[in-house]
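Student: I have a complex open on my screen and would like to talk it through with you. Shall we begin?

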Amino acid sequence: MPETATVEKIAINVKVNGKPYSRQVEPRMLLVEFLREACDLTGTHVGCDTTYCGACTVLMNGLAVKSCTMFAVQADGSEITTVEGLEKDGKLHPIQQAFGDSYGLQCGYCTPGLLLSTHQLLSENPEPSEKEIRKAIAGNTCRCTGYMNVFKAIRQAGRNMKGA
Amino acid sequence: MFAEAPNIVAEEKKNGSGRWVGASLPRKEEDRLLRGRGKFVDDIKLREMTYLRFVRSPYAHARIVSVDTSAAEALPGVVCTITGKEVAAQTQPFIEIAPDHAQKIRDFPMAVEKARYQGEPVAAVVAESPSLADDAAELVQVEYEPLEPVVDSEQALLDKSILHEEAGTNRIWTGIWEFGDVEKAFQEAAYVVNIDRMHFHRFSSTPLETNVVIGQWDPKEDRIHYWCNNSFPAFAIQFLAAHLAVHIDRIRVQTSDIGGSFGIKITSYPQMSVCALASKKAGGRPVKWVETRSEHMISSAHGNERTFRDTRVALDKNGEITAIASRHIDDCGAYPRYEPLGCVIYSQVFCGTYRFKNARIEFTQTVSNKCPVGPNRGYSRMQHLWFLERIVDICAHEIGIAPDEMRLRNYIRTEEFPYTTPNGCVYDSGNYPKMLEVAKGLIGWDDWKKKQADARKQGRMIGIGIGTTLDSGTNNFGQSQIVNPNAPFSGNSQGANCKLDIYGEVVVAVGSCPQGQGHETVSAQVVADVLNIHPDMITVRTGFDTERNVHTGMSGTYASQFVVSGLSAVHGAAQKLKAEMKRLAASVLETKEDDLEFGVGQQGPEIKAKSTGKSINYWGLANIVNVNSAVLTPELQDVTLNCRYIWRANFKVPDKAKKYGNLTLTYSSQLHIAVIEVDRDTFVPKILDYVAVDDCGVVINPRIVEGQVYGAAAHGIGAALMETCAYDAVGNMLTSTFSDYTPITAVNIPNIRYGHISTPSPFTYSGAKGMGEGGAAPIHTISAALQDALFAQGIFINNSFNNADSIFRSLKYREGGQLAEQVRLEKR
């Protein structure tokens, strides 16, 4: 199938972290590839190829999605928030602050995805139970922390956001 | 609810003794990682970059009849292709560490004449974009002639189908460790316990970031530049230099942030080779390879799989183990690569935490048609420690002693440290009975025993298990000479540099490549104490770079050693810098060195003369050396304020014939207790309670240590219950995606309650002991707890991996009488 080399590209408009991006993309381009390659936002990571690990989690119109499991064209017209969009005027988001304070990361590779899954959880439920926390990040694999300090971070983030 | 960390300093402040070492300082690495501004290799874009994709063998064992890359090369956007034959024509096979016949193995980074495991690279394509490389890889036509696969190490020993014909056998290495008087111990034993077969399964700690390499080899320059996430670059370049015929000092390796390694990324040098060769063929354009998760699962590296045969244990009438004899057969996969080092590394913990003096272990390693193994967190020691813990539990059960009591009777006594093991290793410090006491207290041992007894009356299967483990750190490379007397390695070393930069900034560089262990933070803590300044006033360089002049031939991040080798180097460099600063300041401030006080003044970090109150800040000191040097007096001409220090461990080469000598500098220990229930209907094992107690001597940063304990525990719990690299009978890997392999998630992890004791090491400057690997305590602990739950059903846990399916099968086979007698007790 050599014709794939000259496949027709599709124009899309996506707002990422408040900034509009108009790009011509191949239909097969994944949303995560769009963010990393077309927008140069490399904070969003890829850890698997079967929607298991959630390192690629971003917010699409406020909802956490795995950007490796969506085509860029599906994001046409939507608003995306990546990890780079969490801080405000250089100040860490309360969730970012809580993860730092609680040692909720080690290598930091899964962290962007975890921050955004946490964002969705706490937007809906600022005081989640243990079970709700576990369920909310069931799709975010962390290989370093053993999750204990991630759980602490999420509870701390809930408290931070209430106080904010 | 979740467990809270006990008595740990949560805020940023000095510890009780007024030092930064020992305080839970927030990590310096955090800010960039939290903002999504970490720099991982795949984040790097270079001019004219090209992208490489491998074509891999679908067969575990097959002759390669032909490789046709013409259609791929015809695809617009394809830069070049490269085949195994081309690689072999341009390179030397990788060095083999094994001696004798195994030296003849011809290991290339791609299959040449035949493929020896499913997923072995056969060809590679290089294109202008990753997706074009994907398309082109599909156009490569490879014709195979399948051969008989070998997927089990005992089957491999029969040599019916041989992987490496040039070696003539699948057996890579055999050695016998024999100490004491084994025969006499068995003659005098009150009990002898025989265990037919035990098996430690294959798994991998699967870092979330896969292997990534950017290689650039400008054919005009004869220099190679790598940006990659290899976690032991000093080792990788030794393999690459001989193989690519490039002088080792002309290979530059840079790492930056690394998304986990756990040892697995040590063995990415074959892919590094292909990226360099492809770059050369592409006229020197940089070639980037980003491993997919499936590629990682089938072809990066797995942990060692090991079978324990014909184990015999001699015990006296009190249940003290007096001798162990066994045959161990290790499966290293298709190519030895880092092996057979595991064949000796196990013996760092030859007697585990126990006192027995007589032992005979015959250790053999074979190849098989599976993914090559590589060092995986707890490398080679965890298999052996699991074996010893299984022995202790099974023997305790057979002679009717409680497992906690059995351990107390057999542990090395606290007053015996430093303890010399039968094979000459020196355990620096430890207090195993105390760890047991703390762990029992944390879990509520007596309470659980009552609950267990009540539950058993209702027919519920609840088990309580103890796992004791060791994390031997800072290895003596001299042990390589036990597997190959000609291996040119011994000792251990690490380099660091500490300087006042041109205008006075304190800058530290060290030859490690951290992957989340917080090296920047703990290095700053150490230097802050030396100079009596705040750690925020210290910059620690991120990642590794052969052009930083701080690496030795052993630099990297592996073998639970940064706190010893890395921080000793940092500490040494900081002391050298401090001495120079003192000489300079004494001259400038016209006073004696012992009149000087290091601290922070109104103009930042400074040195003050106590007698006069005059001070000079770091900018002032650096200024004299770097931009105002005419004022330097003749006796200060050697002051550079740029101090390099190489730390070397005080090791000797072991006695190769006797396999005797000190193989590791420090021995951290952990003791875990788990309570597990096996569901009567579904057979799903569920952890009801879990505690982990560690002892790594003096702690530099308590929250970092706690995090390492949790992380290692999660790997062990995952490995014990969920994670296995499963193969079918013809060598197809059955767990080649995360969805099949199922790494442990937030819904599977039990609440881990953490405890800590400290027995300082007498062998390190700080009293700290390396602790990153964790010793895989959960694997031992969960096997023990399942054993306790299932002894009543006549089941012996003889495999390190247990899930609902395997437990169900064991119970059904037992009921049906199909389970052969696995354990036999002889009473004398």
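This is a predicted model: local features need pLDDT of at least 70, side-chain atom pairs count only at pLDDT 80 or more; totals for chains, interfaces and linings use all residues.

Student: How many residues of chain A are in contact with how many residues of chain B?
Tutor: The predictor gives the complex an ipTM of 0.97 and a pTM of 0.97. A contact here needs C-beta atoms within 7 Å. With that cut-off, the numbers are 48 residues of chain A and 47 residues of chain B.

Student: What is the make-up by class of the side of chain A that touches chain B?
Tutor: Four helices of chain A, namely α2 (94-101), α3 (111-124), α4 (130-136) and α5 (148-163), each supply at least two residues of that side. Sorted by class, the side of chain A that touches chain B has 22 nonpolar, 15 polar and 11 charged residues.

Student: Where in chain B does pLDDT stay under 50?
Tutor: Chain B averages a pLDDT of 96, and 98% of the residues score at least 70. There is still a stretch to treat with care, for which the model has 22 contacts beyond four places in sequence. The stretch with pLDDT under 50 is residues 1-12 of chain B.

Student: Is Val212(B) buried or exposed?
Tutor: Val212(B) is found in strand β9 (residues 212-218) of chain B. Beyond four places in sequence, its contacts include Val41(B), Cys228(B) and Trp289(B). A residue counts as buried with 20 or more other C-beta atoms within 10 Å. Because Val212(B) has 24 other C-beta atoms within 10 Å, the word for it is buried.

Student: How many of the residues of α11(B) are buried, and which residue follows the helix?
Tutor: α11(B) is mostly covered, with 17 of its 19 residues buried. The residue after the helix has a positive phi, near 80°, and is Gly400(B).

Student: At what angle do the axes of α11(B) and helix α12 (residues 403-410) of chain B cross?
Tutor: Val392(B), Asp393(B) and Ala396(B) in α11(B) meet Pro403(B), Met406(B), Arg407(B) and Asn410(B) in α12(B). The residues of this contact divide into four nonpolar, one polar and two charged. The crossing is right-handed. The two axes come within 9 Å, and their crossing angle is roughly 115°.

Notes: Residues are numbered from 1 along each chain as its sequence is written. Chains are lettered from A and ligands numbered from 1 in the order in which they are written. A residue is buried if 20 or more other C-beta atoms lie within 10 Å of its own, exposed if 12 or fewer, and partly exposed in between; C-beta atoms are placed from the backbone. Axes are lines fitted to C-alpha atoms, for helices over the stretch in contact, and angles run from 0 to 180 degrees between N-to-C directions. A crossing is left-handed if the near helix is turned anticlockwise from the far one by less than a right angle, and right-handed if clockwise. Two residues are in contact if their C-beta atoms, placed from the backbone, lie within 7 Å. Ala, Val, Leu, Ile, Met, Phe, Trp, Tyr, Cys and Pro count as nonpolar, Asp, Glu, Lys and Arg as charged, and the others, Gly among them, as polar. pLDDT is the predictor's confidence in each residue, from 0 to 100.
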